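Grab a viewer and work through them one step at a time.

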Amino acid sequence: MVDILAAPRRKTDASLRTLLAISTAHWVSHFHLMVLPMLFPFLKEQLGVGYIELGFALTVFAVVSGLTQAPTGYLADRIGARKILLAGLTLGGAALIMLGLHLSYASLIASAVLLGLANSVYHPADYAILSAHMDEARMGRAFSIHTFAGFLGGAVAPAIVAALVAMTGGHGALIVSGAIGIAVALLLPAVGIPDASSADHAVDGAPSRQSVITPTILLLTAFFMLLGLSTSGIGNFGVVALMSGYAISFSAANVALTALLGFSAVGVLAGGFLADRTHRHGQLAAACFALNAGIVLVIAVVNLPPVLLTMAMATAGFLGGVIAPSRDMLVRDAAPPGAAGRAFGIVSTGFNFSGIISPLLFGWIMDHEVPYLVFGVSAMFMAFTVALALITDDGSRPSAEKSDGRVLHP
C-alpha cells in the first residue's frame, strides 16, 4: 500500500517543483523587463542622452523579441525547451551585467538586443514544459500561477531596483539584477526541471512534423495582438488621459491604475480555477472581455468620481486577469502534438506587435488632445477581441483531452 501511494505523491511533488521553478523563471523575465525603464533617470544622466534615445532602446527590445519569438519556439521543440529556457535566463542576466560593467549608449542598444532575444525564450519554453508535465485537471491553475508570477516580477521590480540603486548605485543595480537571472539559471537544473520537445511525441521513432501554422493559430496571433492593444493603452497612458481629459488628480489617477493592475493579478488566479472547470475557454474569455469593454466604454464617456472610477478600473482589471489562463488554454488546445513551443512562440508575437504599435497609436491620440479615446479605442479593441475569442473556440477539443487524443481526466 505504501508503494502504491508513493508513486502519485512523487509525481505530485515533481509537478509542484516544476511549476515553482518555471514560475520563478517567468518572475525573472518580467523583472528584467522593468530594469532598464526603472533606471532611465540614472542612464539619462550617465549617458547624456534624452528620453527619445532611451525609448529607442525599448523599441529595439520589442522588435528583436517580436522577430525571434516564433523561431525560438521552433528551436525549443527541436532541441528541448529546458536548454532554451536556461540559455534565455543566462543571456538576459549577462546582458545586464555587461551594461553595468561597460556603460555606454552602444552597450545599452546591444543590451536591449540581447534582452529582446532572451525575452523571446520564456513563453515558448515555459508553456512547452508546463503543457507536457502538469496535471491535466489542474492545467488552468498551473498557467494562472505562472502568469501571476510574471505579474509579481513586474510589480516588485521598482522597489527592488530602487533598493539596489540605494545600496550599490546604478552600475551595481544592473550587475545584481543580471546576476539574479544567472542564479536562477543555475538553480533550475539543481531542482531537476524536466524537458519538453517534439521528440516526446514521436511516432514510430520520428518526431511529429505536423504544421503548426494553422488558421486557428493565426487567429490566436491576431487575438493576442488585439488583447495587447486593448490593455496596453490604458496601462501606459491611462494616468495622463485621466488627468488631462477628466480633471482627475495625479494621485487619484495613480490609485485607479494601481487598482486595475492589482486586481488583474487577483483575476489571473481566479481565472485558473475557472479554466479548469470549462472546456469553452473562448466563450469564457469573450464573456469577460465583453463586460470589460462595457466598463471601459463607461469610463470613456462618463466623468466618474474618483471612488467609482477606482471601482470600475479594479473590476476591469479583474476581468482582464480572469481571461489569461483561458487565453493560454486556447493556444494549448490549438497546438499539434509536440508543438507547444512553436504555437506559443507564434501567437506571442501578437503581444510584441501590439508593443510596437500601441505607444505610437495612443501617443498620437494624446498628442491630438483627445484623451477619452484612450479608453474608447481600448473598448473597441476589446470588442474585436471578443469576436476573435468566439471564432477560435469551436469546442471541438475539450481541454481535459491531451493533444494526442488520450483522455487523462473526465
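The exercises below go from the whole chain to single residues.

This is a predicted model, where local features need pLDDT of at least 70, side-chain atom pairs count only at pLDDT 80 or more, and totals for chains, interfaces and linings use all residues. Residues are numbered from 1 along each chain as its sequence is written, and side-chain values use heavy atoms, with hydrogens and water left out.

**Exercise 1. Work out how many helices and strands the protein has.**

Step 1: Take helices (H or I, at least four residues) and strands (E, at least two) as DSSP runs, numbered from the N terminus.
Step 2: Count them up, and you get 12 helices and zero strands.
Step 3: Check how much is tucked away: 53% of the 410 residues are buried, where buried means under 20% relative accessible area, exposed over 50%, and partly exposed in between (1.4 Å probe, protein chains only).

**Exercise 2. Find which residues touch the most other members of the largest nonpolar core.**

Step 1: A nonpolar core is a set of buried Ala, Val, Leu, Ile, Met, Phe, Trp, Tyr and Cys residues joined through side-chain atoms within 4.5 Å.
Step 2: Among the 118 residues of the largest one, the answer is Leu43, Leu85, Leu89, Leu188 and Phe375. Helix H7 (residues 215-246) gives this core its largest share, 13 residues.
Step 3: Zoom in on Leu85, using contact in the sense of heavy atoms within 4.5 Å. Setting aside neighbours within four places in sequence, its partners include Ile22, Val121, Ile129 and Leu188.

**Exercise 3. Describe how helix H3 passes helix H5.**

Step 1: Two packed helices are described by the angle between their axes and the distance between the axes.
Step 2: For H3 (residues 51-79) and H5 (residues 105-133), the axes come within 7 Å and cross at roughly 35°. Axes here are lines fitted to C-alpha atoms, for helices over the stretch in contact, and angles run from 0 to 180 degrees between N-to-C directions.

**Exercise 4. Is Ser378 buried or exposed?**

Step 1: Locate Ser378 in helix H12 (residues 372-392).
Step 2: Ser378 counts as buried because its relative accessibility is 0%.
Step 3: Look around Ser378: leaving out residues up to four places away in sequence, it touches Leu229, Ser230, Ile234, Val296, Phe362 and Leu373.

**Exercise 5. Which residues does Ile295 touch, not counting those up to four places away in sequence?**

Step 1: Find Ile295 in helix H9 (residues 281-301).
Step 2: Its partners are Ala312, Thr315, Ala316 and Leu319.
Step 3: Pick Ala312, 17 residues apart from Ile295 along the chain; their C-alpha atoms are separated by 6.6 Å.

Terms used:
A crossing is left-handed if the near helix is turned anticlockwise from the far one by less than a right angle, and right-handed if clockwise.
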